[in-house]
Amino acid sequence: MKKIMFNDRYELTKKVLNGSKTQTRRVVPEGTIRMAEMEAKMHGRDITYYIKEHTPYCFLDEVAIAQSYSDIMPMLVSSFDSPHAYDSLRNEKGFRNKMFVRANLMPHRIRITGIKVERLQDISTEDCLAEGMDDDSADGAHLYWFSVSTNQEDWRKINEELSRHEWDGKKGSWFWNTAQGAYHALIDCLDSTLWQRNPWVYAYTFELIK
């Protein structure tokens, strides 16, 4: 079984698990793009068709959500065959780093229900919300933002910023007047050059199944 990782600092794993994030975008590797370009020239179809042919996650694939062993230990304990299994996992890299966990030990999974290929900046408002952007609205105005796992002081500053907006839709450091603006800011937090490069991405829609 394959696994997939979501960012924890911006609470994306949490949003997947509570059902508020149902899409994810993954950059298409350069090698895949070069191959798709050659296939498109040979057969005359749009490049997106051939990029999609090389997707790492396929339609209806079940994919394990990667979490560190330390984060899911209570759920793992009941499945241990021996009291020594816990000690064994504590000595593995995956105890703190979910990059190294085994997919078959993960308690949660998603099922891929849709795949499309597009440029990163082509994301729609609807898809931004599916990616986990939050929408606060009042009196017909909208403010968009994304969650951050921070200390209480930072959240106090966020609340102050919201009060200064007075729901007038002005762009600020924490809130944005478009969903794309909030998503752009999130992408910049993850990779400061990615939005500007505007790469081809796989846009996966999924559902939580476990």
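Two residues are in contact when they have heavy atoms within 4.5 Å of each other. Keep that handy for the exercises below.

This is a predicted model, where local features need pLDDT of at least 70 and side-chain atom pairs count only at pLDDT 80 or more, while totals for chains, interfaces and linings use all residues. Residues are numbered from 1 along each chain as its sequence is written, and side-chain values use heavy atoms, with hydrogens and water left out.

**Exercise 1. Find what Leu76 is in contact with, leaving aside its neighbours within four places in sequence.**

Step 1: Locate the residue. Leu76 sits in helix 4, residues 69-77. (Helices are DSSP runs of H or I with at least four residues, strands are runs of E with at least two, and both are numbered from the N terminus.)

Step 2: Check its cover. Leu76 is buried because its relative accessible area is 4%. (Buried means under 20% relative accessible area, exposed over 50%, and partly exposed in between, using a 1.4 Å probe and protein chains only.)

Step 3: List the partners. They are Tyr69, Leu89 and Leu105. Leu105 is 29 residues from Leu76 along the chain, yet their C-alpha atoms are separated by 7.5 Å.

**Exercise 2. Work out which residues touch the most other members of the largest nonpolar core.**

Step 1: Know what you're looking for. A nonpolar core is a set of buried Ala, Val, Leu, Ile, Met, Phe, Trp, Tyr and Cys residues joined through side-chain atoms within 4.5 Å.

Step 2: Pick out the residues. The core has 40 residues, and Phe6, Ile51, Ile110, Ile112, Phe146 and Tyr183 touch the most other members.

Step 3: See who contributes. Helix 8 (179-190) and strand 4 (109-119) are among the elements that each supply at least two residues. Helix 8 gives the most, with 6 residues.

Step 4: Zoom in on Ile51. Not counting residues up to four places away in sequence, Ile51 touches Val28, Thr32, Ala36, Val117, Trp200 and Tyr202. One of these, Thr32, lies in helix 2 (residues 30-43), and Thr32 counts as buried because its relative accessibility is 14%.

**Exercise 3. Describe helix 8: how far does it reach, and what do its buried residues pack against?**

Step 1: Take the span. Helix 8 has 12 residues and reaches 17 Å from its first C-alpha to its last, close to the expected 16 Å. (The expected span is 1.5 Å times one less than the number of residues.)

Step 2: Name the buried residues. They are Ala179, Gly181, Ala182, Tyr183, Ala185, Leu186 and Ile187.

Step 3: Find what they pack against. The list is helix 1, strand 2 (23-27), helix 6 (125-130), strand 6 (141-145) and helix 9.

**Exercise 4. Say how many disulfides a search of the whole structure finds.**

Step 1: Set the cut-off. A disulfide here is a pair of cysteine sulfur atoms within 2.5 Å.

Step 2: Read off the count. The search finds 0 disulfides.

Step 3: Cys58 is partly exposed, with a relative accessible area of 35%, whereas Cys128 is buried at 0%.
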